[in-house]
Amino acid sequence: MKKSTDTSKRIPIGIIQRLVAKECLFYGDSSKSRITEITRRYFSQLKKDGFVIRDERASQNKNARRVNYFMEKYQKLDN
């Protein structure tokens with residue numbers, strides 16, 4: 001039986017990807033390895049804080065593409 005979780009403790013991966021995009025812009029590094037490293041750190045900390053991450057199975061390539069998409073979006077907003 002699937003364990004019931006509080007919906008307030010669920011975080012969609014899109015929110016994490018937006019945060020990772022902002023952090024990558026701050027560091028000026030958009031490499032796949034940097035994106036993966038930052039994403040894993042977010043996952044680790046959020047799990048320690050008791051949050052449930054939806055769609056955690058996203059592949060590195062898919063994750064990097066979405067993070068790069070958000071980075072481009074934020075860069076356009078800044079200009």
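**Helix packing and the nonpolar core**

Good morning. Of the 79 residues of the protein chain, 27% count as buried, where buried means under 20% relative accessible area, with a 1.4 Å probe and protein chains only. The model is predicted, so local features need pLDDT of at least 70 and side-chain atom pairs count only at pLDDT 80 or more, while totals for chains, interfaces and linings use all residues. Residues are numbered from 1 along each chain as its sequence is written, and side-chain values use heavy atoms, without hydrogens or water.

The chain holds three helices and two strands, in the order β-α-α-β-α. These are DSSP runs numbered from the N terminus: helices are H or I, at least four residues, and strands are E, at least two.

Helix α1 (residues 13-27) packs against helix α2 (residues 32-48) at an angle of about 130°, and their axes are 10 Å apart. Axes are lines fitted to C-alpha atoms, for helices over the stretch in contact, and angles run from 0 to 180 degrees between N-to-C directions. The two helices are therefore oblique to each other; under 35 degrees would be roughly parallel, over 145 roughly antiparallel, and 65 to 115 roughly perpendicular.

Which residues does Ile-16 touch? Leaving aside residues up to four places away in sequence, Ile-16 touches Ile-11, Thr-39, Tyr-42, Phe-43, Leu-46 and Ile-53. Contact here means heavy atoms within 4.5 Å.

Finally, the largest nonpolar core has 16 residues, and Ile-16, Val-20, Ala-21, Cys-24, Ile-35 and Val-67 touch the most other members. Such a core is a set of buried Ala, Val, Leu, Ile, Met, Phe, Trp, Tyr and Cys residues joined through side-chain atoms within 4.5 Å. Helices α1, α2 and α3 (60-78) each supply at least two residues of this core.

Technical notes
Buried < 20%, exposed > 50% of the residue type's maximum accessible area, 1.4 Å probe, protein only.
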